[in-house]
Amino acid sequence: ISYPAPRGRGAPAIIQTMVEADGGDCDIKSYGKYNGGFYHVDALESGKADVATLIFSNFEIPEARARGMDDVGFFSLKDWGVPDFCQLVLFTTPKRYEEQKGALRKLVLAMRKATRIIHQQPDVARETYYAYVREKNGDEAASADETQKAVMDATMTATLPAFPNDNSLASSYYARLMSWLVKTKQVGEDAVSKAPVSKYWTNEIAW
């Protein structure tokens, strides 16, 4: 299992949950783990791993296919009993949140406006990003080979429609995630009482 952490419990927990959802029963200690960082496609292509966890359908899948791995497949976590925990969120300390609440609200609204532009004018969004990359990377961007360009184009095509219009998440989302973490022994049961969802998550500035 390719997983970007040498001692992480997450990879076996993910695979074990998927196996059980499919009606199987395996010894969780039997899984081998390979830590190649976030270079999951390299791990699969080299044969150092048979499966990769914490990959994204809009990143690693286009990259793998652009590199000639036509038989690569993607399994969505939520279809196999695993909470969809791969969400990009904003986080800060309680103190800074209270101090910067107004500015953070403006940030969320700006992100929402940007998402609307991305969805309504994807070609404009794509070219704006490419122009930024060319400006920042200069010769490096210009010298990209055909495979790198194909990966970038495929990644952009898959990513642009993936941005959510809403920046909120239901409390039940985190409650379900915590329940799974406890069940798979990634955190202790006391974590639920010590860290209730209301203590670390709010939709206040998303609405």
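## The second largest pocket

Helix 1 supplies the largest share of the lining of the second largest pocket, 6 residues. This is a predicted model, in which local features need pLDDT of at least 70 and side-chain atom pairs count only at pLDDT 80 or more, while totals for chains, interfaces and linings use all residues. Residues are numbered from 1 along each chain as its sequence is written, and side-chain values use heavy atoms, with hydrogens and water left out.

The lining of this pocket consists of 14 residues, and those nearest the centre are Gln-16, Thr-17, Ile-28, Lys-183 and Thr-184. Two elements give two or more residues to the lining: helix 1 (10–21) and helix 9 (171–183). By type, the lining holds 5 nonpolar, 4 polar and 5 charged residues. Here Ala, Val, Leu, Ile, Met, Phe, Trp, Tyr, Cys and Pro count as nonpolar, Asp, Glu, Lys and Arg as charged, and the others, Gly among them, as polar.

The space in the second largest pocket is about 250 Å³. A pocket is an open set of points on a 1 Å grid over the protein atoms alone, where a 1.4 Å probe fits, with protein on both sides within 12 Å along at least five of seven lines; lining residues have an atom within 4 Å of a point. The volume is the space filled by probe spheres set on the points.

## The chain as a whole

The protein chain has 11 helices and 0 strands. Helices (H or I, at least four residues) and strands (E, at least two) are DSSP runs, numbered from the N terminus. The C-alpha trace spans about 50 × 50 × 25 Å along its principal axes.

Of the 207 residues in the chain, 29% count as buried. Buried means under 20% relative accessible area, exposed means over 50%, and partly exposed lies in between (1.4 Å probe, protein chains only).

## Salt bridges

There are 9 salt bridges in the structure. Each is a side-chain nitrogen of Lys or Arg within 4 Å of a carboxyl oxygen of Asp or Glu. One of them joins Arg-67 to Asp-42, with the closest N and O atoms 2.6 Å apart. This pair links distant parts of the chain, 25 residues apart: Arg-67 is in the loop between helix 3 (60–66) and helix 4 (94–99), and Asp-42 is in helix 2 (residues 40–46). Arg-67 also forms a salt bridge with Glu-63, where the closest N and O atoms are 2.7 Å apart. The residues of these two pairs are partly exposed: Arg-67 has a relative accessible area of 26%, Asp-42 has 36%, and Glu-63 has 25%.

Glu-99 and Arg-96 also meet in a salt bridge, at 3.0 Å from N to O. These two residues are separated by about one helical turn, because they are 3 residues apart in helix 4. Glu-99 is partly exposed at 41% relative accessibility, and Arg-96 is partly exposed at 42%. Elsewhere, salt bridges that share partners join Asp-42, Glu-45, Glu-63 and Arg-67 into one network.

## A nonpolar surface patch

Leu-90, Leu-107 and Met-111 make a nonpolar surface patch of about 240 Å². Patches are made of residues with over 30% relative accessible area and no salt bridge; like charges are joined within 9 Å, and nonpolar side chains (Val, Leu, Ile, Met, Phe, Trp, Tyr) within 5 Å. Accessible areas come from the Shrake-Rupley method with a 1.4 Å probe, and for residues only the protein chains shown count as cover.

Leu-107 is in helix 5 (residues 101–120). This residue is partly exposed, with a relative accessible area of 38%. Arg-116 also lies in helix 5, and is partly exposed at 42% relative accessible area. The C-alpha atoms of Arg-116 and Phe-163 are separated by 9.1 Å, while the residues are 47 apart along the chain.

## Positive phi angles

Leu-54 has a positive phi, near 60°, in a residue other than glycine. Leu-54 is in the loop between helix 2 and helix 3.

Lys-185 is not a glycine either, yet its phi is positive, at about 60°. Lys-185 sits in the loop between helix 9 and helix 10 (190–194). With a relative accessible area of 62%, Lys-185 is exposed.
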